[in-house]
Amino acid sequence: MSVAFAKEDSAETASETLLPDRPISPHPNLVTPAGLKALELQLELARAAYETALKIDDVNERRRQTGIPLRDMRYFAARVRSAQVMAEPTSTETVAFGSTVAFRRQDGRVQRYRIVGEDEADPKSGSISFVSPVARLLMGKAVGDEVGASGQELEIVLIS
């Protein structure tokens, strides 16, 4: 009997489910305590999704449904393993990992961001990664300092 008429796993079906790993940053995996908890939660959610997908009877559908959770489990397990929890900053004298910093742009807008790990950064919610260009400019600076890049000057107005 020809394989065309049998319900067997094909190379094409198998390749659909073998998703490439999510890229892992070459930077140290610095996280806040809340960031570590968020990574652990994401790992648990991926495990739960994987366990649910394993209960699907159809082998091809099961394989398709386990692909993303399996990839996410590998990613979040690696991120939890490599996480370096950073203590809250003890000083507001200079900008450090975990600091919230407000700065004024040349056009007068004041923006406020907390500097956090890469996986927990969300600029729309007011947090940026410590490896972002803006955070790199601000780290180690004090209130009143002006920093700039690409013709854009930022003046630090508050560190908390």
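Me: What should I know about the model before we start?
Reply: It is a predicted model, where local features need pLDDT of at least 70 and side-chain atom pairs count only at pLDDT 80 or more, while totals for chains, interfaces and linings use all residues. Residues are numbered from 1 along each chain as its sequence is written, and side-chain values use heavy atoms, with hydrogens and water left out.

Me: How many helices and strands are there in the protein chain?
Reply: The protein chain has four helices and seven strands. Helices (H or I, at least four residues) and strands (E, at least two) are DSSP runs, numbered from the N terminus. Along the sequence the pattern reads α-β-α-α-β-β-β-β-α-β-β.

Me: Why is the pair of tyrosine 75 and phenylalanine 76 called edge-to-face?
Reply: Rings of Phe, Tyr and Trp (its six-membered ring) pair if their centres lie within 6.5 Å; planes under 30 degrees apart count as stacked, over 60 as edge-to-face and the rest as tilted. Here the centres are 5.1 Å apart and the planes are at 80°, so the pair is edge-to-face. A search of the whole structure finds three aromatic pairs.

Me: What makes the pair of phenylalanine 97 and phenylalanine 130 edge-to-face?
Reply: Their ring centres are 5.7 Å apart and their planes stand at 70°, so this pair is edge-to-face. Phenylalanine 97 lies in the loop between strand S2 (84–85) and strand S3 (100–105), and phenylalanine 130 in the loop between strand S5 (127–129) and helix H4 (133–138), so the pair ties together parts that are 33 residues apart in sequence. Phenylalanine 97 and phenylalanine 130 are both buried.

Me: What sits over the ring of tyrosine 75?
Reply: That's the charged end of arginine 22, 4.2 Å from the ring centre. To count, NZ of Lys or CZ of Arg has to be within 6 Å of the ring centre and within 35 degrees of the ring normal.

Me: Is asparagine 29 buried or exposed?
Reply: Buried means under 20% relative accessible area, exposed over 50%, partly exposed in between (1.4 Å probe, protein chains only). Asparagine 29 has a relative accessible area of 3%, so the label is buried. You'll find asparagine 29 in the loop between helix H1 (11–17) and strand S1 (30–31).

Me: Is proline 133 buried or exposed?
Reply: Proline 133 has a relative accessible area of 66%, so this residue counts as exposed. Proline 133 belongs to helix H4. Its C-alpha atom and that of alanine 149, 16 residues apart along the chain, are separated by 8.8 Å.

Me: What makes a polar contact between the side chains of asparagine 29 and serine 82?
Reply: A polar contact is a pair of N or O atoms within 3.5 Å; within protein, one must be able to donate a hydrogen and the other to accept it, and residues adjacent in sequence count only if both atoms are side-chain atoms. The two side chains make theirs at 3.1 Å.

Me: What does the side chain of serine 127 reach?
Reply: The backbone oxygen of glutamate 120, at 3.4 Å. A polar atom of the serine 127 side chain also lies 2.9 Å from the backbone nitrogen of aspartate 122. Serine 127 lies in strand S5 and, with a relative accessible area of 10%, is buried.

Me: How many bridges join S3 to S4?
Reply: Five bridges join S3 to strand S4 (residues 110–116), and the two run antiparallel. Two strands pair if DSSP finds at least two bridges between them. S3 and S4 form a hairpin with four residues between them, and glycine 108 in the turn has a positive phi of about 95°.

Me: Which residues stand opposite phenylalanine 103?
Reply: In S4 the residue opposite phenylalanine 103 is glutamine 111. In S7, its bridge partner is isoleucine 156. S3 and strand S7 (residues 152–159) pair in the antiparallel sense over five bridges.

Me: Where do S5 and S6 stand in the sheet?
Reply: Five strands form an open sheet in the order S5-S4-S3-S7-S6, with mixed pairing. S5 and strand S6 (146–149) stand at the edges, each with a single partner strand, so one side of each is left without a neighbour in the sheet. S4 and S5 run parallel, joined by three bridges.
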